[in-house]
Amino acid sequence: MVFSSLHFLFIFLPLVMLLHTLLPKRLKNPVLLAASIYFYAWGEPVYVGLMLFSVAFNYLTGLQLSVRHRPSARRAALVSAVAVNLAVLGFFKYAGFIVDTLNGLLGLRLARRELPLPIGISFYTFQALSYVIDVYRGKARPQKRLVSFAVYITMFPQLVAGPIVKYTDIEAQLDDRGATLAQVGQGLERVILGLSKKVLLANNLGLLYETIQAAPARSVLTAWLGAAAYALQIYFDFSGYSDMAIGMGRMLGFTFLENFDYPYLSRSVTEFWRRWHISLSGWFRDYVYIPLGGNRVGAGRHMLNLLTVWLLTGLWHGASWNFVLWGLYYGLLLILEKYATGALLERLPAWAARACTLLLVTLGWVIFSNTDFSAMGRYLGSLFGIGSAGFADAAFLYHLKSNLVLLILSIACCGQGLRKWQVRLSATVPVVGLALNAALLLACVAFLVYGSYNPFLYFRF
Amino acid sequence: MKKKRLFFLRATVLLVLALVLTLDAAFLLTKDRAFSPTENRSLQQRPTLTLASALSGRYEARYDDYISDQFPFRDGWVALKSAMDRLAGRTESGGVFLGRDGSLIQDFAEPTGDNYVQTLAALRSFLTRHGALAQYVMIVPTALTARADALPAFAVHGDESGYLDRLARDLADTPAQWIDLRPAFAASEAQLYYRTDHHWTTDGAYIAYLELSKAANLSGAATAYERHLLSNDFSGTLTAASGFRTGQRDDLYAYLPPDDGVQTVVTYVGENARSASLYRAKHLDTRDQYAVFLDGNHPEIKIETTVDNGRTLLVLKDSYANCFIPFLTRDYGKIIVVDPRYFTGDLEVLMAAEGINETLILYNATTLAADQALRLDIGE
């Protein structure tokens, strides 16, 4: 099930919220677990088994770690748990990619098995790993109740698209939580915000980017417009989903950490990655970068650490070489900032540093969005006048004119101003604040209903 | 301030709850609709749950469709979305432009793959094979070309005029006469296309008839037609395709011939139905009012008239011809109308049996560019 569907918003979510709120404490976790499994099974019935295996396996690992005290035994339990988790992820997410690469490199003809990617496997595997490693390190107490642990892994708000919630962050709330009416209101406000970002902004920006991407040739300005549209789309899509997750968590009585902090205001790429998908960069920092030695090593080793982390970050985003390239691109940029350009960037005026950062990030998204390398090359070329249809064309003016309101709104939403104004409005003239939220919600419903508007064009036949 | 914020938060919960419960109640209380006239399609009904359909994900997909299709006030939401689009300056939806004057104009899709080459080869083969007959090719530009001035500013669209030029050039050495309507259309002040539908109006068809008259020596302006209003509330396919709610309706006219004693009999060959009229009034009560002309599309229609001049015409056509063909009844003793998209017989056999001595290929550019049926009937 996806958040941005009428079925989820009008049937699933209200029912689950009502049940979860009204039922006594001891029934909250069973209800949430059942709802989450149903949520996952809707459209992905077969892979529920895989998810439940992950739950059971990591639960047992936690128990095992709680009874073993000999360091070597604990280490063995950890290593085998990490290996199993990564093997499952590797098989379902990367098998086809690895086979394709081996075939390409060695001229082999290994058979490729087309398995659909289990939804959310990258997210819940990382959550499970964080639990196992934290228990091993003694930072988290092993969860004795299977249902509570299962809720942590499968909880529907963050199951399919994050944020990657660390076990220690919600440990207490797993067994004791509640939400006041005002907190539920906070959650709903956040859900409406996220839904609006996704449905009103991201989806429409996506249409613009698709149109420009699909054109056989484009002018330089059209190409930049498309790249900007994609950069905005991916931000509102992803941060919108995170907003909804955080909001629904709040309604259930959980406090998830923020996942995005106005990343497009960053003054350096280093800062960008502190503000973009915070839960993922935090995960890699805690479980890969720092264990490798982080920056407390020689310069050479530090650079290698950065490249390793970013290679893995790239791969995490998808099983395709363009994600590897995208990850290495950031690895190199971060090394450059650390050892060369960082000081320079700090001396620039804020607007110039922001512009530089935004430019680099936008180029990164072009790499990210093109799994096909020749299409990526063509697009990057057209950004700089190579193989482009001139500098400007009518298409640019047309797309700009047709999407002007959308683009202005989107850019405005990248800053903090609008959101601060909205919160202030709700606290000074609450009626207007309510009207605004109602209008946003109605607009989202109209776009969602329209999504199924599918006239049968009888003149074609 | 804090108190007001608290009020706001609590009121948000109640407001959203009220909205959700209202819509859910409306969903439960209203009967499921089987068909959407606006979209001209069957709506998804509540699917039945089976183990196989649930495991394959088919049940879930259908259930999601069911919720969207049966969502209360569905048409109202669509209208709201369209209104927001227009407010935001969007002028294109579903391959349809919203013109400056509120008329809807369909985009032209360039032929894909080897479609152009194959259709061209079949056309050339047919026209050369029947070189002994008088042959006319009339590919009608759509509103996109003829009303380019009404397109939104800077609109990026398919090159229909270029397609027509290319086709004319590639058919230039065949024995057929190419009839280019663009100059006559450009010179005309009449409303040549419906504002809500992709078809041309009967006014447009009449101008085309005058052009064909010059080439084929037909009676042309010598017949004094009476322009007769059939409907003033036609809302066509482009309204549906785009979702744009312009609130506009079109007038639908028929050109009725003078009482000159000419009789016509229309035979819908496949259906074994006969009629003395070229029109079917019952369609004026449906959404597809354009089907009033020749009862919409049929595989083969035979029109016999009391005109006794020995001229027998074969028309290979799409729906643009439906409002055009009535003009020909003063010029031909027999007209065989074939719509290759539905026709399954042998065209050569039919032509020989009916003693065809003239042919007209009448399509609009958009249909012909996408067509894959004509070449099966006329190729070698």
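Three bridges link strand 10 of chain B to strand 11 (residues 273-275) of chain B, and the two strands run antiparallel; strands are DSSP runs of E of at least two residues, helices are runs of H or I of at least four residues, and both are numbered from the N terminus. Two strands count as paired if DSSP finds at least two bridges between them. The structure is a predicted model, in which local features need pLDDT of at least 70, side-chain atom pairs count only at pLDDT 80 or more, and totals for chains, interfaces and linings use all residues. Residues are numbered from 1 along each chain as its sequence is written, while chains are lettered from A and ligands numbered from 1 in the order in which they are written.

Within this pair, B:Val266 faces B:Ser275 of strand 11 of chain B. Strands 10 and 11 of chain B make a hairpin with four residues between them, and B:Asn272 in the turn has a positive phi of about 60°. Strand 10 (residues 264-268) of chain B is also joined to strand 12 (residues 300-305) of chain B, by five bridges and in antiparallel fashion. Here B:Val265 has B:Glu304 in strand 12 of chain B as its bridge partner. B:Glu304 in turn stands opposite B:Lys334 in strand 14 of chain B, and five bridges hold strand 12 of chain B and strand 14 (residues 334-338) of chain B together, again antiparallel.

These strands belong to an open sheet of eight strands in chain B, with mixed pairing and the order 7-6-15-13-14-12-10-11. Strand 7 (177-178) and strand 11 of chain B stand at the edges with a single partner strand each, so one side of each has no neighbour in the sheet. Helix 9 (residues 202-216) of chain B packs on the sheet, where it touches strand 6 (134-140) and strand 7 of chain B, and its direction makes about 155° with that of strand 6 of chain B. Axes are lines fitted to C-alpha atoms, for helices over the stretch in contact, and angles run from 0 to 180 degrees between N-to-C directions.

Two loop residues of chain B deserve a look for their backbone. B:Asp295, in the loop between strand 11 and strand 12 of chain B, has a phi near 60°, a positive value in a residue other than glycine. B:Asp295 is buried, with 20 other C-beta atoms within 10 Å. B:Phe73 also has a positive phi, near 60°, and is a residue other than glycine; B:Phe73 lies in the loop between helix 3 and helix 4 of chain B. With 16 other C-beta atoms within 10 Å, B:Phe73 is partly exposed. Here, buried stands for 20 or more other C-beta atoms within 10 Å of the residue's own, exposed for 12 or fewer, and partly exposed for values in between, with C-beta atoms placed from the backbone.

Attention now turns to chain A. Helix 4 of chain A and helix 5 of chain A pack at about 175°, their axes 10 Å apart. The two helices are therefore roughly antiparallel to each other (over 145 degrees; under 35 counts as roughly parallel, 65 to 115 as roughly perpendicular and the rest as oblique). Residues of this contact include A:Leu78, A:Val82 and A:Phe92 of helix 4 of chain A and A:Leu129, A:Val132 and A:Tyr136 of helix 5 of chain A; contact means that the C-beta atoms of two residues, placed from the backbone, lie within 7 Å. By class, the contact of helix 4 with helix 5 of chain A has 11 nonpolar, three polar and two charged residues. Ala, Val, Leu, Ile, Met, Phe, Trp, Tyr, Cys and Pro count as nonpolar, Asp, Glu, Lys and Arg as charged, and the others, Gly among them, as polar.

Among the residues that make the contact are A:Tyr230 and A:Ile234 of helix 10 of chain A and A:Trp365 and A:Val366 of helix 15 of chain A. The contact of helix 10 with helix 15 of chain A comprises eight nonpolar, two polar and no charged residues.

Between the chains, 54 residues of chain B are in contact with 49 residues of chain A. Helix 1 of chain B supplies the largest share of the chain B side, 16 residues. That side has 28 nonpolar, 10 polar and 16 charged residues.
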